[in-house]
Every structure is written in C-alpha cells, then in structure tokens.
Amino acid sequence: MHQPYGTGSMYQLLDFKIHGDLRGNLVALEAGADFPFAVKRVYYIWGTSYDAIRGKHAHRQLEQVILCLAGSCDFVLDDGCRRTVVHLDNPAQGLYLRHNIWREFTHFSADCVLMVLASEHYDEADYIRDYALFLHEVAHD
Ligand code: T46
C-alpha cells in the first residue's frame, strides 16, 4: 500500500486512483495494493436520517475501509486518548480503520451511501459496545 498507516494515527484516508474519461469515473480497489487486507465481507448503509448516530462501538480485531459513495457524513473517532472528526464526502477516498478505534457516525446527507469493506465475517463477539470497557481494553492492549 503506497500510503502507510502512520505511527500514532488513529485512521488513514486512502486516496484511490480515478480512471476518469468523458463517460465518467471508475475506481478499482485491489486487496493488498489499495488497502492492506483481504475482504471477507461487504456491507452498505443508506437512508439514514441526518441526526441519527450509528456505530458507538469499537472492534477488537476487525479492520475496515469505509467508502462514502454518495453524499456525506461525519465519523467521530476515538482511540481512548484523543477524539477527532473525519468528514467523508469523496467516493475516491477510503477511511481505513484498524482495531480498537471507537467510532460514531452521524450528520448523514439525504443521499449518503456508505460501503464498507471488512477483513472478517460478522462476529458480535468482536464488538466492544461499552465505552468504559473500550477504555479498559485499550489501556491493556
Ligand atoms: C462499523 C460501522 C461503520 C449484520 O448482521 N451483519 C453485518 O455485517 C453488520 C455490519 C451488521 N449486521 C446487523 C447487526 C445489527 O442487527 O445489522 C444491524 C445493524 O448493525 P450495527 O448496529 O452494528 O450498524 P452500525 O451502522 O452501527 O455499525 C456498522 C458496523 O456494524 C460496524 O462494524 O464499523 O458500521
């Protein structure tokens, strides 16, 4: 991957190559070249109201790339020490999140469509849904 995940970064914004021409745009994503894991699951989210708050959890192992294919939304990210907000509105970018990052996402535009590439199958045991437990697990990671 040509954009290494910096030490101390809680996320990485991946810039994907756009194959654009007079007909429009195309982005192709290849595991290993454009993001650093093999995809075992894909899911997508749309039709979410502006002030809904999704997420409110972290993952123990899961890595994901989150793409905002249309519209926009805000991701609030927290590594247990710091909190930051990432605004997603570019279908040629991917938000790469490793494990142990608390995420909440909100402020969905009416046309927002998110697509997520995930490194593992769905496993509820991988979720940390309690913020106090998240802080405890991060401190002992
Ligand atoms: C994440 C953010 C960005 C499944 O059955 N399979 C799945 O693969 C997923 C992702 C969800 N579900 C079920 C579990 C719940 O009954 O779908 C329902 C909604 O899931 P959840 O409340 O976890 O959705 P979000 O939008 O809060 O979080 C999701 C992902 O779960 C999470 O990994 O990082 O999107």
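Is Cys81 buried or exposed? With a relative accessibility of 72%, Cys81 counts as exposed, where buried means under 20% relative accessible area, exposed means over 50%, and partly exposed is in between (1.4 Å probe, protein chains only). The model is a predicted one, so local features need pLDDT of at least 70 and side-chain atom pairs count only at pLDDT 80 or more, while totals for chains, interfaces and linings use all residues. Residues are numbered from 1 along each chain as its sequence is written, and side-chain values use heavy atoms, with hydrogens and water left out.

Cys73 tells another story: its relative accessibility is 0%, so Cys73 counts as buried. As for disulfides (a pair of cysteine sulfur atoms within 2.5 Å), the count comes to zero. Cys73 is in no disulfide, and the nearest cysteine sulfur, which belongs to Cys112, sits 4.3 Å away.

Now for the ligand. There are 13 residues around the ligand, and the ones that come nearest are Arg41, Arg54, His59, Gln64 and Tyr127; a residue is near a molecule if one of its heavy atoms lies within 4 Å of it. Sorted by class, this shell holds five nonpolar, four polar and four charged residues. Here Ala, Val, Leu, Ile, Met, Phe, Trp, Tyr, Cys and Pro count as nonpolar, Asp, Glu, Lys and Arg as charged, and the others, Gly among them, as polar.

For Arg54, a polar side-chain atom lies 2.6 Å from an oxygen atom of the ligand. For Gln64, the distance from a polar side-chain atom to a ligand oxygen is 2.7 Å. Arg103 also has a side-chain N or O atom 2.7 Å from an oxygen atom of the ligand. On its own, the ligand has 650 Å² of accessible area, and the protein covers 68% of it (Shrake-Rupley method, 1.4 Å probe). Two or more shell residues come from each of strand E2 (41-46), strand E3 (54-59) and strand E8 (102-106). E3 gives the most, with four residues. Strands (E, at least two residues) and helices (H or I, at least four) are DSSP runs, numbered from the N terminus.

Finally, Glu137 lies in helix H1, which spans residues 131-139. Its relative accessibility is 22%, so Glu137 counts as partly exposed. Leaving aside neighbours within four places in sequence, Glu137 is in contact (heavy atoms within 4.5 Å) with Arg60 and Ile128. His87, by comparison, is 50 residues from Glu137 in sequence and 27 Å from Glu137 in space, C-alpha to C-alpha.

Technical notes
A polar contact is a pair of N or O atoms within 3.5 Å; within protein, one must be able to donate a hydrogen and the other to accept it, and residues adjacent in sequence count only if both atoms are side-chain atoms.
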